[in-house]
Amino acid sequence: MDYQSLFNQSIASVKPSGIRKFFDIASEMDDVISLSVGEPDFKTPWHIREEGIDTLHKGKTRYSPNAGFTKLLIEIAAYYERRYNCSYDAKHEVLVTVGGSEAIDLCMRTLLSPGDEVLIPEPCFVCYQPLAVMAGGVGVPIVTKAEDGFRLTAEQLRNAITPRTKLLILPFPNNPTGAVMRREHLEEIAEVLRGTNIVVLSDEIYSELTYGETQHVSIAELDGMRERTVVVNGFSKSYSMTGWRLGFALGPAPIIQMMTKLHQYAVMCAPSTAQYAAIEALRNGDEDIAKMRGEYDMRRRYIVDGFRELGFECHKPEGAFYIFPSIKHTGMTSDEFCEKLLLSKHVAIVPGSAFGESGEGYARVSYSYSVKHIGEALRRIKEFIDEEL
């Protein structure tokens, strides 16, 4: 049977994630030290797990409403008002999804028609370009630069806009660079967008993981931006709830209504047990966030210093839990460097090229691991550098 002739060509044309190659190799090796996974090493806080367990004991296992339990929608709206000064109507402007990834997919499929352009600052998380293509759109990369702190600049945005531009992805705090857009940077972006018909998809999944005195700012808070912004967030990073698969979207009621319709037919609703646990997280999880953020901050400083001592140029990240050191001085490509390091020293990191062509010459290193784990990886990387250079 000719399966190739059966496939949707938009989906068939998308390449598999560049991250998976190294995961697959590492999974078959012994004694691997991995700094490759973007997943907190903390367990979900006990009081959140306990709430999920309790709902199972009570048999609360039925479907929720399509958009999510009302109590959870109210808590999400209250959370964004409390933490980020953004006000949303829980009944009409909030949608609970199966992870933040589903929310991104729903937003793109709701807004994009064939040929519409999506502006994507790169390097960035691997899903945006494929999801844009599978929704019929055209992904247009905007290359951010280390000298700008890997932030999107107003000039770059202005130069990238065409009559076909429909959507701007704003992936900050950023995976893989750790870059953060502060209020003054967002104001410059907002000034370019005001008066256009361009929608912003603001992926804020790392919003609670910013370091220093300045808290995360959502572009939806700025004048004239709320009505053109869909905010995507979730519970995976902030509350260490990756396996619970729960995210959410906030935005203008007409867009959220259309996204909910897609969600209704595609998955029906998010898992009930995870939703009950998320209510507890939002109500009583602020201390958990602060504790984990403090630990990540300590690891951040430790790993940046470690890579710099080994001779790597390394932008100091202001958010998320990744560093993005340059490996250009080694003379190897990103793939070559990461594969040789994995095979010779059993240390797994991710080639920067997995996050867009502009990531070539860099590698993503996660510090969502213990200091002991990071220290052993740094020791092996030093051995690798001493032998190779």
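Modeller: Helices (H or I, at least four residues) and strands (E, at least two) are DSSP runs, numbered from the N terminus. The model is predicted, so local features need pLDDT of at least 70 and side-chain atom pairs 80 or more, while totals for chains, interfaces and linings use all residues. Residues are numbered from 1 along each chain as its sequence is written, and side-chain values use heavy atoms, without hydrogens or water.

Most residues other than glycine have a negative phi, and most peptide bonds are trans.

Start with the peptide bonds. The bond joining E122 and P123 is cis, with omega at about 0 degrees. P123 lies in the loop that runs between β3 (117-122) and α6 (128-134). A further cis bond leads from F172 to P173, and its omega is near -5 degrees. P173 belongs to the loop between β5 (165-170) and α8 (183-193).

Next come the phi angles. A320 is not a glycine, yet its phi is positive, near 60 degrees. This alanine sits in the loop between α11 (286-309) and β9 (322-323). A320 has a relative accessible area of 0%, so it is buried (under 20%; exposed is over 50%, partly exposed in between; 1.4 Å probe, protein chains only). H346, another residue that is not a glycine, has a positive phi of about 55 degrees. Its loop lies between α12 and β10 (347-348). The relative accessibility of H346 is 22%, so this histidine counts as partly exposed.

The ring of F337 pairs with that of F384 (Phe, Tyr and Trp rings, six-membered for Trp, pair with centres within 6.5 Å; planes under 30 degrees apart are stacked, over 60 edge-to-face, the rest tilted). Their centres are 5.4 Å apart and their planes meet at 85 degrees, so the pair is edge-to-face. F337 and F384 are each buried. A search of the whole structure finds 19 aromatic pairs. Elsewhere, ring pairs join Y79, Y80, Y84, F235, Y239 and F248 into a cluster.
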